[in-house]
Amino acid sequence: MADNIHTLLSEIQRDLHAPKDKTNDFGGYKYRNAEGIVAAFKGLSLSAVSLICTDDVVEVAVQIFVTATASLTFAGETISAKGHAMHPLQKKGMDASQITGSASSYARKY
């Protein structure tokens, strides 16, 4: 096991495999979702490590964005990364909560 958070992060990046196991029927391409990435992380069976994901909604130049933050904590140290996704006000076939969930999932992947 790593002795500091940077070594641990390097080991996670080396060992984590989150395959593109979903298929978009409309576009015909493979993709992975946020849940699959978190499941792959949990599969690493790391002890004394926590991963916390949070979202913030911000407005920039009349556009709404979801900013997701993933924070990895180990041995008293925390390292964080952020991902962003535009939150459209409308999306065909989705209600408001589905639009927010979709933007959150997309931001968390990155």
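At 34% relative accessibility, D15 counts as partly exposed, where buried means under 20% relative accessible area, exposed over 50%, and partly exposed in between (1.4 Å probe, protein chains only). The model is predicted, so local features need pLDDT of at least 70 and side-chain atom pairs count only at pLDDT 80 or more, while totals for chains, interfaces and linings use all residues. Residues are numbered from 1 along each chain as its sequence is written, and side-chain values use heavy atoms, with hydrogens and water left out.

D15 forms a salt bridge with R14, with the closest N and O atoms 2.8 Å apart; a salt bridge is a side-chain nitrogen of Lys or Arg within 4 Å of a carboxyl oxygen of Asp or Glu. The contact between the side chains of R14 and D15 (2.8 Å) is also a polar contact, that is, a pair of N or O atoms within 3.5 Å; within protein, one must be able to donate a hydrogen and the other to accept it, and residues adjacent in sequence count only if both atoms are side-chain atoms. R14 lies in helix α1 and is exposed, with a relative accessible area of 55%. Between R14 and A2 there are twelve residues in sequence and 13 Å in space, C-alpha to C-alpha.

The structure holds two salt bridges. Besides the pair of D15 and R14, the side chains of R108 and D55 meet in a salt bridge (3.2 Å, N to O). This pair links distant parts of the chain, with R108 in helix α3 and D55 in strand β3, 53 residues apart. R108 is partly exposed at a relative accessible area of 37%, and D55 is partly exposed at 29% relative accessibility.

Helices (H or I, at least four residues) and strands (E, at least two) are DSSP runs, numbered from the N terminus. Three strands form an open sheet in the order β3-β4-β5, with antiparallel pairing; two strands pair if DSSP finds at least two bridges between them. β3 (49-60) and β5 (77-86) stand at the edges with a single partner strand each, so one side of each is left without a neighbour in the sheet. Neighbouring strands of this sheet are turned by 20° against each other on average, direction ignored. Axes are lines fitted to C-alpha atoms, for helices over the stretch in contact, and angles run from 0 to 180 degrees between N-to-C directions. Twelve bridges join β3 to the antiparallel strand β4 (residues 63-74), and the bridge partner of E59 in β4 is I64.

Two helices lie across the sheet. Helix α1 (residues 5-15) lies across β3, β4 and β5 and runs at about 110° to β4. α3 also lies across β3, β4 and β5, running at about 130° to β5.

In helix α2 (residues 34-42), the buried residues are A34, A40 and F41. These residues cover an arc of only 125° around the axis, which puts them on the same side of α2; the arc is that of the directions from the helix axis to the C-beta atoms. E35 and K42, on the other side of α2, are exposed. The buried residues of α2 pack against α1, β3, β4 and α3, contact meaning heavy atoms within 4.5 Å.

S105 is placed in helix α3 (residues 96-109) and is buried, with a relative accessible area of 18%. Leaving aside neighbours within four places in sequence, S105 is in contact with A34 and E35.
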